[in-house]
Amino acid sequence: MILCSYIYCNGELKDEDDECPICSGLKHKNFIDKLPLKLIDMHQILPNESDILQVQINKMNLLNIKIALIQSVPNKVQSILNNKDLIGINKISNNRFIISQFIDPRYILAKKRIQKYTESGIRVIKVLPVLGYEPNNKRFDRFWKQLESNKMIVMVHTGFITARHKEEEIKHKTFMNSELGNPLLFDVIARKFPNLQIILCHIGGSIFYEEAAQMIYQHDNVWGDLSGSGMFALDRILAKKVKLNWNKVFWGNDSHPKFYEKNIKIMLSILKKHKRTELTEKLFFENANKFFKKSNL
């Protein structure tokens, strides 16, 4: 048996297959016909390449993606556009992008950063506890409280750290801890700060998907995106019939723009496999659109 080499697919190929039947198996015209009329991408990254903004916009136009929420990263990460890069892009995006800014709550000037971003119109903050801190430690309560008071939205990585990050980790000698990707670390935070909107990126991935589903179901202020390893989570949630509020889950690409088609095809194939194609419009557009209106984004 041969497995597809694409990191988020692992589909089975037969000897006679020229391409993966899951992530590359539809002719382009048939693929476009199967898409919802409009899409919203709730988790996208922009690799640090000279023409990446135009590549992103071209893909959005082709696939009728109305808005993309762009994730930021720590400044020392060179492969993906970071805080300063995204601020510049936001000024010329023509309302096609919502950008996030990365903050580490351990940073001594974190509170000043929150205020600065609020004043500049930023509404989404990306946090990465996997860098080595427990977010539910009481020392960070003021941080979460300020985000709540400023009506910010928090996006947090959940799930296992995928292999694509290993080269960057070795380069900077900063190693992330998958243990700290457990969504339950935000349970107390969601209770203490009920008006703080929290999005669990990757909805727990392939190991914490049940914890993420429970968080989304139990907390009015917790949501989830199905980007990246979240597609594995979706497959397992549907297979095990895990209880989940399907009105609070979004789709995201979380890859180079050239992989949009692959990731969408994988999502569609998972929904088809589990006979849940009625969720297509919700996951690709409706839920995100309602979230934007609720959050005044």
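The legends below describe an overall view and several close-ups of one predicted model. Residue numbers start from 1 along each chain as its sequence is written, and side-chain values use heavy atoms, with hydrogens and water left out. Because the model is predicted, local features need pLDDT of at least 70 and side-chain atom pairs count only at pLDDT 80 or more, whereas totals for chains, interfaces and linings use all residues.

**Figure 1. Overall view of the chain, with eleven helices and ten strands.** Helices (H or I, at least four residues) and strands (E, at least two) are DSSP runs, numbered from the N terminus. The C-alpha atoms fill a box of roughly 60 × 40 × 40 Å along the principal axes. Of the 297 residues, 55% count as buried (buried is under 20% relative accessible area, exposed over 50%, partly exposed in between; 1.4 Å probe, protein chains only). Among contacts (heavy atoms within 4.5 Å) between residues at least 6 apart in sequence, 76% join residues at least 24 apart.

**Figure 2. The aromatic pair W223 and F291.** The structure holds eleven aromatic pairs. Rings of Phe, Tyr and Trp (its six-membered ring) pair if their centres lie within 6.5 Å; planes under 30 degrees apart count as stacked, over 60 as edge-to-face and the rest as tilted. W223 and F291 are edge-to-face, at 4.8 Å centre to centre and 70° between the planes. W223 belongs to strand β9 (residues 222-225) and F291 to helix α11 (residues 280-295), so the pair ties together parts 68 residues apart in sequence. Both W223 and F291 are buried.

**Figure 3. Further aromatic rings: W251 with Y260, and a cluster of four named residues.** The ring centres of W251 and Y260 are 6.1 Å apart with the planes at 50°, so this pair is tilted. W251 and Y260 are buried. Ring pairs also link Y6, Y8, F232 and F259 into a cluster.

**Figure 4. N247 in the loop between α9 and β10 (249-250).** N247 has a relative accessible area of 40% and is therefore partly exposed. Leaving aside neighbours within four places in sequence, N247 is in contact with W223, K282 and N287. The C-alpha atoms of N247 and W223 are separated by 9.0 Å, with the two residues 24 apart along the chain.

**Figure 5. S227 in the loop between β9 and α9 (230-240).** S227 has 0% relative accessibility and so counts as buried. Not counting residues up to four places away in sequence, S227 touches H43, H202, G252, N253 and D254.

**Figure 6. Positive phi at H202 and K151.** Most residues other than glycine have a negative phi. H202, which is not a glycine, has a positive phi of about 70°. H202 is found in the loop between β8 (197-201) and α8 (209-218) and is buried, with a relative accessible area of 5%. K151 has a positive phi near 60° and lies in the loop between α5 (141-149) and β7 (153-157). At 61% relative accessibility, K151 counts as exposed.
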